[in-house]
Amino acid sequence: RPVASGRVGMSSPDQPATTSSGRPRLPQLAGLRTCASLWIVLGHFMGMPRVPGAAIMNRGNVPVECFILLSGFVTHYAYSGRRYDTNTQVIRFYARRFGAVLLSYYTSWAVMLAFSIAACKEGSCISPKEGDHGWVISRAVMSLLMVQSFEPQLPIYPHGPAWTISTMGLLWLLYPRLQGWLGPSLERRPLAVAAGAWFVTQAPVMALLLRPWPQEGPGPDYRDSKPAWFMSEWENRLLYHFPVFRLGDFILGMTLAQLLHRGGELLTWRGWGPVADLSVAAVWVITTTVPEDTRGLPFPAREGYEPVFNVAMQPFIAMFIFASSCPGGETSLFSAFLRHPVMSGLGEYTFQVYLWHWPIGMIFKGAENSAFPERASVLGLSGPFLVPFLLVSWVVAALISAWAEEPFRKWLRRRVDDWAMAKEAEETARQIQQGFMLYGRGDGVLLMPTISERSESLEHRTATYSPAMTPRSRTGTEPYEEGSPAVAGDQPGRASPPQGARLQPPQHRDLAASPVTSPDRVTAGSYSMLVPPTVPE
């Protein structure tokens with residue numbers, strides 16, 4: 001699938017080497033999503049106690065950071081060439097970005113809510129106080145509205161992994177504004193923006209960790225007091241879940257994409273392959289060899305220096321994403337593994353796996369508890385249940401993606417595109433009525449002064465009023481909806497289009513090459529209008 005849809009496609013002989021926007025496909029990033037999602041799923045459901053080498057699975061905050069970085073990178077890689085000057089352009093972006101996850105988000109949310117209601121009937125509600133149904137209802141409503149991560153202490157009800165979509169949802173909402181706010185700086189000083197994003201991400205964690213004094217309260221997880229050089233679970237949850245503290249990861253991903261767009265000889269450096277492999281090796285060595293901090297609450301809580309892994313691997317993950325995406329990074333051995341069709345293909349379903357593995361895992365855990373009651377109090381699944389659980393999770397994700405998510409995404413995109421084109425046609429008609437000047441005696445040129453002011457490099461095209469409407473293709477290359485009425489009010493001293501006239505798609509005549517110097521050059525009965533081109537979707 002093209003990157004422009006928000007996904008990184010899988011390379012195959014029948015696919016072009018570039019996206020619809022002409023940018024290279026990056027299938028290794030789909031493979032990277034496969035590894036990150038597998039890490040998270042195993043961290044949630046691998047049985048306890050875990051062997052020493054499997055302690056890395058307790059640090060699932062590392063792949064979560066990878067997903068947020070990738071989200072910023074892929075979003076900017078696909079959409080950086082777009083303009084978001086109007087509400088319709090912004091809404092079309094939202095439809096594409098959110099449309100890829102909305103169906104799975106809400107259907108899996110409904111399933112987990114049903115499971116939670118059933119658990120409450122059995123006397124095992126998830127709430128700070130037994131029987132606190134008001135808390136349960138409020139958290140369910142927040143999750144329904146996709147704002148549960150704004151209450152970061154327990155954003156996991158009723159669907160644990162869904163908090164990540166809530167966090168990234170704010171970042172997606174902000175992207176059109178971020179592109180405008182950071183656009184000039186990203187183009188001129190991307191390295192400075194990257195350094196700033198790194199600092200604002202690392203600084204809160206380091207400031208809390210390096211306090212040389214004990215802490216006492218606030219927060220529900222404080223037990224009396226905590227020692228110095230220590231972060232509590234309350235602080236970990238705040239920095240891990242709250243969207244504002246993840247904004248730096250997203251912006252850093254945007255910066256990496258901007259560096260790729262700049263091009264240059266540096267991208268072809270053959271050393272990028274070893275740099276990518278060394279970055280992956282650094283993540284592996286650090287997360288497996290640094291011993292777990294046992295001074296605080298046991299896993300799944302993260303206390304002491306464990307919250308540092310929320311952000312500590314950010315530079316290495318960012319370096320791998322950038323180095324493996326450079327032309328010179330094709331020699332990376334790990335990238336070659338990730339580009340394999342199996343790895344990149346599985347990566348197509350990571351959002352669905354991430355959301356659906358939780359209810360599927362609950363079903364498997366219930367089956368295990370029924371077969372082996374002694375494991376009811378043990379976290380995770382044993383081997384005979386874990387392997388089938390993984391297979392079922394990916395199969396279900398693939399089926400949901402193919403038979404539900406993808407048709408829904410296309411339907412939503414089509415409906416929003418139709419609505420946006422109708423609104424754009426109405427806005428164009430309003431501008432014609434309020435701001436265009438007609439020259440001549442009823443046959444003349446309509447001029448929009450703001451076109452040249454906004455961009456002198458815009459290709460000049462013309463659109464004509466005509467009672468007949470040429471059928472419009474759905475490639476997104478034409479700015480007007482089929483059959484959109486052209487409205488222009490009668491104004492003193494100015495000619496008006498014929499009553500009931502309709503907008504015809506632009507005729508590709510370059511006014512700069514053949515400027516209209518007098519009304520005599522315009523065919524009688526038609527009105528020419530200067531309009532900007534639109535960017536293909």
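User: Before we look at any one residue, what counts as a helix here?

Analyst: A helix is a DSSP run of H or I with at least four residues, and helices are numbered from the N terminus. In this predicted model, the protein chain has 16 helices and five strands, and D249 is found in helix α9, which covers residues 247-262.

User: Is D249 buried or exposed?

Analyst: Buried means a relative accessible area under 20%. D249 has a relative accessible area of 0%, so it is buried. If we leave aside its neighbours within four places in sequence, D249 is in contact with E65, I68, L69, T201 and Q314.

User: Which residues does S71 touch, and where is S71 found?

Analyst: S71 is found in helix α2, residues 61-79, and with a relative accessible area of 5% this residue is buried as well. Not counting residues up to four places away in sequence, S71 touches R97, M168, W172 and F250. Of the 537 residues of the protein chain, 50% count as buried.

User: How can I check the span of a helix such as α4?

Analyst: The expected span is 1.5 Å times one less than the number of residues. Helix α4, residues 102-121, has 20 residues and should therefore span 28 Å, and its end C-alpha atoms are 29 Å apart, which agrees. Helix α3, residues 87-99, reaches 17 Å from its first C-alpha to its last, close to the 18 Å expected for its 13 residues.

User: Which residues of α4 are buried, and where do they lie around the axis?

Analyst: An α-helix has 3.6 residues a turn, so residues three or four places apart point the same way. In α4 the buried residues are S104, Y105, S108, W109, M112, L113 and S116. They cover an arc of only 160 degrees around the axis, which puts them on the same side of α4.

User: What lines the largest pocket?

Analyst: Rolling a probe the size of a water molecule over the atoms shows where empty space is left. Here about 1,600 Å³ of space lies in the largest pocket, and the elements that give two or more residues to its lining are α1 (27-45), α4, α8 (233-241) and α14 (350-371). The lining has 50 residues, of which I156, P300, W358, M362 and L379 lie nearest the centre of the pocket. By class, the lining is made up of 31 nonpolar, 14 polar and five charged residues.

How values were computed:
Residues are numbered from 1 along each chain as its sequence is written. This is a predicted model: local features need pLDDT of at least 70, side-chain atom pairs count only at pLDDT 80 or more; totals for chains, interfaces and linings use all residues. Side-chain values use heavy atoms; hydrogens and water are left out. Buried means under 20% relative accessible area, exposed over 50%, partly exposed in between (1.4 Å probe, protein chains only). The arc is that of the directions from the helix axis to the C-beta atoms. Contact means heavy atoms within 4.5 Å. On a 1 Å grid over the protein atoms alone, a cavity is a set of points where a 1.4 Å probe fits but cannot get out, and a pocket is an open set with protein on both sides within 12 Å along at least five of seven lines; lining residues have an atom within 4 Å of a point. Grid points are joined across faces, edges and corners, and a volume is the space filled by probe spheres set on the points. Ala, Val, Leu, Ile, Met, Phe, Trp, Tyr, Cys and Pro count as nonpolar, Asp, Glu, Lys and Arg as charged, and the others, Gly among them, as polar.
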